[in-house]
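Try each task before you read its solution.

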Amino acid sequence: MTTRLEIRGFEILKGCLDVPAQHTLIDALRPVLKAAPLFSPDTPYGKPMSVRMTSAGAVGWHSDRTGYRYAPQHPQGTDWPAIPQAVLDIWNDVTGLERQPDCCLVNYYGDGARMGLHQDRDEANFSWPVVSVSLGDDALFRIGNPTRGGSTESVWLNSGDVVVMGGPARLTYHGVDRIRFRSSRLLPKGGRVNLTLRVAT
């Protein structure tokens with residue numbers, strides 16, 4: 001049963017995906033990870049990110065010393081695989097939009113990984129929402145403000161939770177402070193997989 005929360009404009013759908021649906025998503029992601037393996041990007045400041053990532057779709061998100069951007073190919077020079085239909089079904093269910101995402105960023109959080117407060121602002125049009133899907137270990141999700149600084153609020157995201165960031169919340173700062181490593185049995189080796197669906201172009 002889904003419970004809806006709203007925090008600073010973020011729509012948080014607790015328990016949106018049941019356990020069988022979560023396993024279906026993990027199975028659908030295996031070919032994606034085989035075709036486009038996880039990699040560890042650098043930030044423009046030269047510091048490696050603690051999460052590993054890859055993408056599916058027409059474009060993939062990428063970061064290195066030249067900046068943040070969407071790229072047409074994986075760093076190994078191959079095209080990104082298609083976004084699995086099971087993932088697109090979530091976008092369709094929670095947004096009701098005809099416009100489909102052209103990027104699914106796949107982030108893997110291992111033990112000790114985190115994501116600092118940031119805005120998702122590399123897309124061409126901010127009127128489309130970003131949809132985030134949590135799979136695996138619990139994550140402490142922090143929500144800030146449209147500008148840096150000020151008070152923040154935090155909520156634990158569990159496996160199967162979906163977050164919709166749209167409207168005034170689209171450019172609100174957010175991040176992941178930490179995960180509870182091995183708090184879920186979904187991934188045999190532990191960790192958290194986070195999918196973010198974006199209209200990038």
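**Exercise 1: Arg8**

At 27% relative accessibility, Arg8 is partly exposed, a class between buried (under 20% relative accessible area) and exposed (over 50%), with a 1.4 Å probe and protein chains only. This is a predicted model, where local features need pLDDT of at least 70, side-chain atom pairs count only at pLDDT 80 or more, and totals for chains, interfaces and linings use all residues. Residues are numbered from 1 along each chain as its sequence is written, and side-chain values use heavy atoms, leaving out hydrogens and water.

Task: find where Arg8 is and what its phi is.

Step 1. Arg8 is in the loop between strand S1 (3-7) and strand S2 (10-14). Strands are DSSP runs of E, at least two residues, numbered from the N terminus.
Step 2. Its phi is near 55°, a positive value in a residue other than glycine.
Step 3. Most residues other than glycine have a negative phi.

**Exercise 2: Asp161**

Task: decide whether Asp161 is buried or exposed, then list its contacts.

Step 1. Asp161 sits in the loop between strand S10 (153-157) and strand S11 (162-165).
Step 2. Asp161 counts as buried because its relative accessibility is 2%.
Step 3. Leaving aside neighbours within four places in sequence, Asp161 is in contact (heavy atoms within 4.5 Å) with Leu13, Lys14, Gly15, Ser132, Val133, Ser134 and Trp156.

Terms used: Helix = DSSP H or I, 4+ residues; strand = E, 2+ residues; numbered from the N terminus.
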